Amino acid sequence: MMAKRKGSFPDQLIRPLVRKLHGYVPGEQPNVRGLIKLNTNENPAPPSPKVIRAIRSAADRRLRFYPDPAAQPLREALAKFHCCRPENIIIGNGSDELLALATRAFVEPRQAGATTRRQVAKQTVQYFTPSYSLYPVLADIHGARRNEVKLPGNFELPASDVLRKSNWNFSAALTYITTPNAPSGCGYATRDLAKLCAAQNGVTILDEAYVDFADEHALRLAKRFQHVIVSRTFSKAYSLCFQRVGYFVGHPTLIGALDRIRDSYNVNGLGQAAALATLSNIGYYRKQFSRIVRLREETTGALETIGFDVLPSQANFIFVEPAGLTAEEWFRALRERKILTRWFDASKARNRLRITIGTEAEMARFLTATRSILRQ
Ligand SMILES: *Cc1c(COP(=O)(O)O)cnc(C)c1O
């Protein structure tokens, strides 16, 4: 029998901030046979056979050793890949870990009595809505202020003079920009991102989780501006969600700060081996990217023919306003047919479905199901 104490015990042992916290809600990962999973933007193709071999051959007696603490060989390989120095790169347990480290390294938690404009800015995490739904959670965990600025109806990047008339804070300690945007898939021109970066005074993270499916990337901005970091991941485009490897490219001073506060062995050894093997097989992945982009355009065309509104996408998913039923009804009707998509119960996104581009066969089944639901 557990000894009982009074009142809200053991609830009261938890920090009030944590007690009230709403954690991040990940997309469903159900284990259902025959399910077509178009809800979490995973790559439908497996990793290259060479990558799987590299993971297998690393899984031996050496598992008892700690991995390389700084993931140094991977940093060096990435430095070569991006024409920069290893000091410009930090590897994380997924880019999610690095995004969390950035809030801790660059943002002051909210303090009572700190009300000058400068103090508020130092405590502020800023991002557009809708964008990656992890950002507000990271701000809340840290006890920072959040500044959310609505994207326009077409989800394009607002120009600086438009932002000046809004609640946008050019001095926010940390600004996250998802580019291409998720969930809309809207691509942002590097030229426009450069103007925004030039106007920001705080750390600005360009979250390029989907950039391999886009026409251009903004890596050069991380080299040009001392306060700009580009975030990349092996998860989506490189079929390695399971392994959890992401990285930042930025100025050695900012990267060094993140390096000081990370766990000593934050990146597991099999993940390091997988990411290294991935970099030496880039050709395999480039072929996948063009297949997915082609299928994205074909699916867009097919859906437009049956009256769906599809936003132009630069990512491996499309954000559609369906015809006939509401987005929520479409989500349920597709789910009944074992096709999983993502519906966000948030004002700007409620009337749309986000659909990951799967294999040719999956997209054919998706279109067949969609036409049949529309006929009913
Ligand atoms: C999936 C995703 C990430 C996280 O990727 P991991 O490297 O798997 O942690 C970061 N940003 C955006 C916008 C994403 O969609």
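Helices (H or I, at least four residues) and strands (E, at least two) are DSSP runs, numbered from the N terminus. The element names used on this tour follow that numbering. The structure on screen is a predicted model.

**First stop: the two domains**

Begin by colouring the protein chain in two parts. Select residues 28–47 together with 286–375 for domain 1, and residues 49–280 for domain 2. The centres of these domains, taken over C-alpha atoms, are 26 Å apart.

**Second stop: where the domains meet**

Next, display the residues through which the domains touch. On one side, domain 1 contributes 24 residues; on the other, domain 2 contributes 28. Together the two domains bury about 2100 Å² between them, and 64% of that area is on carbon and sulfur atoms. Within domain 1, select Pro 47, Gln 314 and Lys 348: these residues supply 36% of the area that domain 1 buries against domain 2, more than any other three residues.

Polar contacts are present, with eight residue pairs counted between domain 1 and domain 2, both partners at pLDDT 80 or more.

Now show the secondary structure on the side of domain 1 that touches domain 2. Two or more residues come from each of the elements α12 (282–305) and β10 (317–321). Helix α12 gives the most to this side, namely five residues. By residue class, the side of domain 1 that touches domain 2 holds twelve nonpolar, six polar and six charged residues.

Select Thr 356, which is found in strand β12 (residues 353–356). Is Thr 356 buried or exposed? Its relative accessible area is 1%; Thr 356 therefore counts as buried, the cut-off being under 20%.

Show side chains here and look for Asn 41. The side chains of Thr 356 and Asn 41 make a polar contact at 2.7 Å.

Move to Phe 9 and Pro 10, which are joined by a cis peptide bond with omega of about 0°. Pro 10 belongs to the segment before α1 (16–19).

Then select Ala 182 and Pro 183. The peptide bond from Ala 182 to Pro 183 is also cis, with omega near 10°. Pro 183 is placed in the loop between β5 (174–178) and α8 (190–199).

Select Cys 83 in the loop between α3 (72–81) and β2 (89–92). Although Cys 83 is not a glycine, its phi is positive, at about 55°. The relative accessibility of Cys 83 is 65%, so this residue counts as exposed, the cut-off being over 50%.

Finish at Lys 338, in the loop between α13 (327–336) and β11 (339–340). Lys 338 likewise has a positive phi, near 60°, in a residue other than glycine. How does Lys 338 stand in terms of accessible area? With a relative accessible area of 36%, Lys 338 is partly exposed, because this class lies between the 20% and 50% cut-offs.

Note on methods: Residues numbered from 1 in each chain as written. Predicted model: local features only at pLDDT ≥ 70, side-chain atom pairs only at ≥ 80, totals over all residues. Heavy atoms only, no water. Domains from an automatic or database assignment. Contact = heavy atoms within 4.5 Å. Buried area = accessible area lost by both parts, 1.4 Å probe. Polar contact = N/O pair within 3.5 Å; in protein donor to acceptor, adjacent residues only side chain to side chain. Nonpolar A, V, L, I, M, F, W, Y, C, P; charged D, E, K, R; others polar. Buried < 20%, exposed > 50% of the residue type's maximum accessible area, 1.4 Å probe, protein only.
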